[in-house]
Amino acid sequence: MAGNFVVSLTHAKNDTDKATVAFVIANAAIASEKKVVVFLSIEGTRLSQKGYADDIHEEGFAPLKDLMKSFAEAGGQMFVCSPCFKKRTLDENNLVPGAVIVGGAKLVEFLGDGCPSVSY
């Protein structure tokens, strides 16, 4: 089942359930041999910072930091919305593995024609 897949995540500690489920889906997609990007925007950009997800653990799921680590280790990428990142004055030198700050054009390029996506 090769192909591209995008998970758009706009939440972090403001809705830890959505943040967690987004990475569960991203890991499932990457296990299905898809090239996967989690697009972090709005509050989701905070997850790009080392240590931010360390205390997020929804009952019934693996801790978010572990889901994010597994995702990155499997080759998943996190595209971090540049304007959202700057608005929140986050630290470019404190990015988690797999995270890269991008503009909208990079996401559009990855999406291409007919790339499936889900939003959280």
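In strand 3, Met-78 is the bridge partner of Val-38. The model is a predicted one, in which local features need pLDDT of at least 70 and side-chain atom pairs count only at pLDDT 80 or more, while totals for chains, interfaces and linings use all residues. Residues are numbered from 1 along each chain as its sequence is written, and side-chain values use heavy atoms, with hydrogens and water left out. Helices (H or I, at least four residues) and strands (E, at least two) are DSSP runs, numbered from the N terminus.

Strand 2 (residues 35–40) and strand 3 run parallel and are joined by four bridges; two strands count as paired if DSSP finds at least two bridges between them. Strand 3 spans residues 77–81, and four of its five residues are buried, where buried means under 20% relative accessible area, exposed over 50%, and partly exposed in between (1.4 Å probe, protein chains only). Strand 3 also pairs with strand 4 (residues 99–102), again in the parallel sense and over four bridges. Here Phe-79 stands opposite Val-100 of strand 4. From strand 3 the chain passes through helix 3 (residues 82–87) to strand 4 in a right-handed β-α-β crossover. A right-handed β-α-β unit is likewise made by strand 2, helix 2 (residues 64–73) and strand 3. Right-handed is used of a crossover if, with the strands pointing away from the viewer, the path from the first strand over the helix to the second runs clockwise.

The loops hold some backbone details to look at next. Most residues other than glycine have a negative phi. Ile-42, however, has a positive phi, near 50 degrees, and lies in the loop between strand 2 and helix 2. Ile-42 counts as partly exposed because its relative accessibility is 44%. Thr-89, in the loop between helix 3 and strand 4, also has a positive phi, near 45 degrees. With 68% relative accessibility, Thr-89 counts as exposed.

Ala-29 is found in helix 1, which covers residues 16–31, and its relative accessibility of 9% is why Ala-29 counts as buried. Leaving aside neighbours within four places in sequence, Ala-29 is in contact (heavy atoms within 4.5 Å) with Phe-5, Lys-34 and Val-36. Ala-29 and Lys-13 are 16 residues apart in sequence, and 23 Å separates them in space, C-alpha to C-alpha.
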